Amino acid sequence: MVKSAVMRLLLLRHGVAVPSGTPGYPGDDRPLTDEGARKMARGARGLARIAPRVDRILTSPLKRARATADLAARVLARKVEVSPDLLPGASRKRLAARLASQHASACWLLVGHEPSLGELAGALVGGKPLPLRKGGLCRVDLVRGRGELVWMLSPRLLRLLGKGR
């Protein structure tokens, strides 16, 4: 029996950012708060413990997602690729099709926003959206384009995994 290649997807919602509508931050391109960056740095260390090999990191171009991806990239020793497919409101069907077309065994980290990430996770596993809290992470394995939810971690649990590393 030949084992099918499994693509592991890690979906990470950006950390806590400056609230929408805060003066001095026009539009939707807001940075992480100082506390959000500290928490994400610990969460990134937790990510590295449970997924030490990540082949590609794709992120939304918005500041809060990019900063989150950069923190993960630092501990995973990977480069970050910016993808407009991870912007809020981008077509999750196009991204899901792109991911489903990947045949090689790989592990990709996607950093983005809600509700888009939760909708993507739900679409991949054939169910309802799986919402992620800020700094939350889930793993979906794809085999021949079909997804299986392996686990979901709260931001707190992800940070606990990164404690002392």
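What is the order of the 6 strands in the open sheet? The order is 3-2-4-1-5-6, and the pairing is mixed.

This is a predicted model, where local features need pLDDT of at least 70, side-chain atom pairs count only at pLDDT 80 or more, and totals for chains, interfaces and linings use all residues. Residues are numbered from 1 along each chain as its sequence is written, and side-chain values use heavy atoms, leaving out hydrogens and water.

**The sheet**

Helices (H or I, at least four residues) and strands (E, at least two) are DSSP runs, numbered from the N terminus. Two strands pair if DSSP finds at least two bridges between them. Strand 3 (80-82) and strand 6 (146-153) stand at the edges. Each has a single partner strand, so one side of each lacks a neighbour in the sheet. The twist averages 25° from one strand to the next. Angles run from 0 to 180 degrees between N-to-C directions, with axes fitted to C-alpha atoms, for helices over the stretch in contact.

Strand 2 (residues 56-59) and strand 4 (residues 106-112) run parallel, joined by 4 bridges. Thr-59 stands opposite Val-111 in strand 4. Helix 2 (residues 63-76) packs on the sheet. It touches strand 1 (6-13), strand 2, strand 3 and strand 4; contact means heavy atoms within 4.5 Å. The direction of helix 2 makes about 165° with that of strand 2.

**The cysteines**

The count is 0 disulfides, a disulfide being a pair of cysteine sulfur atoms within 2.5 Å.
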